[in-house]
Each structure stands twice: as C-alpha cells, then as structure tokens.
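Here is a short report on side-chain contacts. Keep the structure open while you read.

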Amino acid sequence: MEKFSTRVKELRKQYGFTQKQLGEAIGGDVSTYQNYEYNKAEPSVETLIILADIFHVSIGYLLGSENNNEKIIPDPSLISLGFGERLRVLRKKNGYTLEQMAKAVNRTTRMYCYYESGGGYPTLQGVLNLADLLHVSIDELIG
C-alpha cells in the first residue's frame, strides 16, 4: 500500500486539501486520513471510492496498479449495475461457480452470495483478487 500512501499525499497537495478536510470527507478525522498517508492503515473499498471521486482519478491509479490517472470507462453493459449485480454478471460471463468466487475472496459461499446480493464489499484484497479473476479493472468491478 506504499504506492497508495504516496499517491494520496501527492494528490492532496496538488488539490490543496488539508489532511483534516480529507479525514472528514471520508467520514473520519485527521488521524484516520493520516494513517493512509503514513501507510499505517489500509483503506476500505468505500473510502477508495470517495477518494477517487474527490481526486477525479481511478481507484487503480490510487492503488498504484495504473499509471494513467484518468478514470476508466467501463463496459457499457455494466454502467447501470451496482456492485453485486456486476459481480453476478461477470461471474456468469466468465463461467465461474459461486464456490470458485467465494474461494477468490477467502469467504464462505454464503458470504460471497451476500456480496452478490448487494450487501457490501469484500476486503480490499478480495476486490483485487476478484478483479484479477474476472479480467477487469478494479474500477470496472466497483463501478
């Protein structure tokens, strides 16, 4: 997550935000945000979405998996879908079972089904694993 720490610090300075402002924007406080810049904490998927929107960059760029800081235009068939629906469509498109998807996020099949039903996000590592498995960018997967 070192690349993430570097990128959020650079972007914060570029846009002229204080750590306190960004801490509040992500629903925390200054120390919550500082932990990201100092590489002491891993952001949730929800926090990544907020920061990517604030800085007008892709989540992949924030995480360091992409060098281009422009947002990726997703597959048009996925644009109107929420995270759970995207998972289901991409799982079926790639021919994976619920069990295979659950294994990719290191969760039970029941918990994976919770994600497909729109009940939340897996861990950040789980999202990275799913994007890799489904051959899509993180931004295409999350939306």
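In this predicted model, a polar atom of the R86 side chain lies 2.5 Å from the backbone oxygen of E140. R86 belongs to helix 6, residues 83–94. Helices here are DSSP runs of H or I with at least four residues, numbered from the N terminus.

R86 is buried but has no salt bridge. Buried means under 20% relative accessible area, exposed means over 50%, and partly exposed is in between (1.4 Å probe, protein chains only). A salt bridge needs a side-chain nitrogen of Lys or Arg within 4 Å of a carboxyl oxygen of Asp or Glu. The nearest side chain of opposite charge, that of E140, is 7.0 Å away.

Now the rings. The whole structure holds six aromatic pairs. Rings of Phe, Tyr and Trp (its six-membered ring) pair if their centres lie within 6.5 Å; planes under 30 degrees apart count as stacked, over 60 as edge-to-face and the rest as tilted. Two of the pairs are listed here.

| Pair | Type | Centre to centre | Angle between planes |
|---|---|---|---|
| F83 and Y121 | tilted | 4.7 Å | 45° |
| Y114 and Y115 | tilted | 6.3 Å | 55° |

F83 is in helix 6 and Y121 is in the loop between helix 8 and helix 9, so their pair ties together parts 38 residues apart in sequence. F83 is buried, at 8% relative accessibility. Y121 is partly exposed, at 25%. Y115 is buried, at 2%, while Y114 is partly exposed, at 42%.

Residues are numbered from 1 along each chain as its sequence is written. Local features need pLDDT of at least 70, side-chain atom pairs count only at pLDDT 80 or more, totals for chains, interfaces and linings use all residues, and side-chain values use heavy atoms, without hydrogens and water.

Key. Helix = DSSP H or I, 4+ residues; strand = E, 2+ residues; numbered from the N terminus. Lys, Arg positive; Asp, Glu negative; His and termini not counted. Polar contact = N/O pair within 3.5 Å; in protein donor to acceptor, adjacent residues only side chain to side chain.
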